[in-house]
Amino acid sequence: MIPRRTARALIVAPHSDDETIGCFALVRRLRRRGTRVRLLIVTDGGASHPGSVRWPRRRLAAARAAETRRAARRMGLTAADCHFLGLPDGDLAADPTAAHRIAAAAARWGARLVVGPCAGDDHADHRTTARHLAAARLPGARRLGYRVWPQGTRRRDAHALILDARDRLAKRATLRGYRTQCGAISDDPSGFAMTPRQIAGFTRQREWFARA
């Protein structure tokens with residue numbers, strides 16, 4: 001399922017932190033095998049705390065991008081390996097440019113492995129991203145899908161990547177580094193924040209991937 005050798009891989013995440021939840025150990029393993037990996041973050045991530053005064057959308061989007069760059073270093077990547085389309089978080093399906101921009105960005109990298117969200121994910125932005133990737137012309141590329149929501153579910157045809165203890169601890173620390181999504185924003189009680197239980201669930205011993 002997961003190729004032992006590939007020259008280039010592209011990890012597509014609808015939001016900053018999805019790449020860590022879905023593909024942290026995969027990226028580290030690919031890098032150890034010499035694969036060049038690029039992260040493509042589709043949305044600006046600015047809709048997680050719409051009621052915050054201290055964190056208006058522009059500030060939140062910039063912070064989430066910085067969190068991804070820090071996470072990338074834990075995966076063996078650099079800031080230059082992180083690319084951000086800045087499309088509208090929470091309203092991706094309504095953006096008429098989304099399909100073209102996602103497809104064009106994926107095609108430019110020329111990846112032999114493209115990993116993105118599953119079409120059956122419960123989050124609308126994830127499903128939209130999966131649909132646009134499926135429609136993109138990516139000749140010669142193997143495509144895999146990962147699921148984020150609902151947490152703890154997987155497709156029956158999914159295959160597991162087993163995390164060793166070192167990768168698992170590093171993944172948990174990296175996910176907690178997304179402070180904007182882990183409770184650091186305190187002036188919007190309705191905003192999203194991962195609970196300790198969710199963080200534990202997102203950093204279990206396996207990452208699941210299915211053919212997309």
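Within the predicted model shown above, leucine 10 has arginine 38 of strand E2 as its bridge partner. Strands, like helices, are DSSP runs numbered from the N terminus (E, at least two residues, for strands; H or I, at least four residues, for helices). The bridge belongs to a set of 6 that join strand E1 (residues 8–13) to strand E2 (residues 36–43), and these two strands run parallel. Two strands are said to pair if DSSP finds at least two bridges between them.

Two conventions apply throughout. Residues are numbered from 1 along each chain as its sequence is written, and side-chain values use heavy atoms, with hydrogens and water left out. As this is a predicted model, local features need pLDDT of at least 70 and side-chain atom pairs count only at pLDDT 80 or more, while totals for chains, interfaces and linings use all residues.

The protein has 6 helices and 7 strands. From the N terminus on, its elements follow the order β-α-β-α-β-α-β-α-β-β-α-α-β. The radius of gyration is 16 Å, close to the 17 Å given by the globule rule for 212 residues, so the protein is as compact as a globular protein of that length. The radius is taken over C-alpha atoms, and the rule is 2.2 Å times the number of residues to the power 0.38. Along the principal axes, the C-alpha trace spans about 45 × 40 × 35 Å. Of the 212 residues, 50% count as buried, where buried means under 20% relative accessible area, exposed over 50%, and partly exposed in between (1.4 Å probe, protein chains only). Among contacts with a separation of 6 or more, residues 24 or more positions apart account for 82%; a contact means heavy atoms within 4.5 Å.

The 7 strands form an open sheet of mixed pairing, in the order E3-E2-E1-E4-E5-E7-E6. Strand E3 (82–87) and strand E6 (159–162) stand at the edges with a single partner strand each, so one side of each has no neighbour in the sheet. From one strand to the next, the twist averages 25 degrees. Strand E4 (residues 113–117) pairs with E5 in the parallel sense over 5 bridges, and valine 114 stands opposite arginine 143 in E5. E5 is largely enclosed by the rest of the structure, because 4 of its 5 residues are buried.

Leucine 39 has its place in strand E2 and is buried, with a relative accessible area of 1%. Leaving aside residues up to four places away in sequence, leucine 39 touches Ile11, Glu19, Thr68, Ala72, Leu77, Asp81, Cys82 and His83. Leucine 39 and alanine 13 are 26 residues apart in sequence, and their C-alpha atoms are 7.5 Å apart in space.

Helix H2 (residues 57–74) lies across E2 and E3, at about 155 degrees to E3. Such angles run from 0 to 180 degrees between N-to-C directions, with axes being lines fitted to C-alpha atoms, for helices over the stretch in contact. The buried residues of H2 include Leu60, Ala61, Thr68 and Ala72. Those buried residues pack against helix H1 (18–32), E2, E3 and helix H5 (165–176). Just after H2, glycine 76 takes a positive phi of about 95 degrees. Helix H3 (residues 98–109) lies across E1, E2 and E3, and runs at about 170 degrees to E2.

Some backbone details concern the loops. Most residues other than glycine have a negative phi, and most peptide bonds are trans. Aspartate 17, in the loop between E1 and H1, has a positive phi near 110 degrees. Aspartate 17 is buried, with a relative accessible area of 5%. A cis peptide bond, with omega about -5 degrees, joins tryptophan 149 and proline 150; proline 150 lies in the loop between strand E5 (142–146) and E6.

Threonine 203 lies in the loop between helix H6 (196–202) and strand E7 (206–211). Because its relative accessibility is 0%, threonine 203 counts as buried. Its side chain makes a polar contact with the side chain of arginine 172 (2.9 Å). A polar contact is a pair of N or O atoms within 3.5 Å; within protein, one must be able to donate a hydrogen and the other to accept it, and residues adjacent in sequence count only if both atoms are side-chain atoms. Not counting residues up to four places away in sequence, threonine 203 touches Arg168, Lys171, Arg172 and Leu175.
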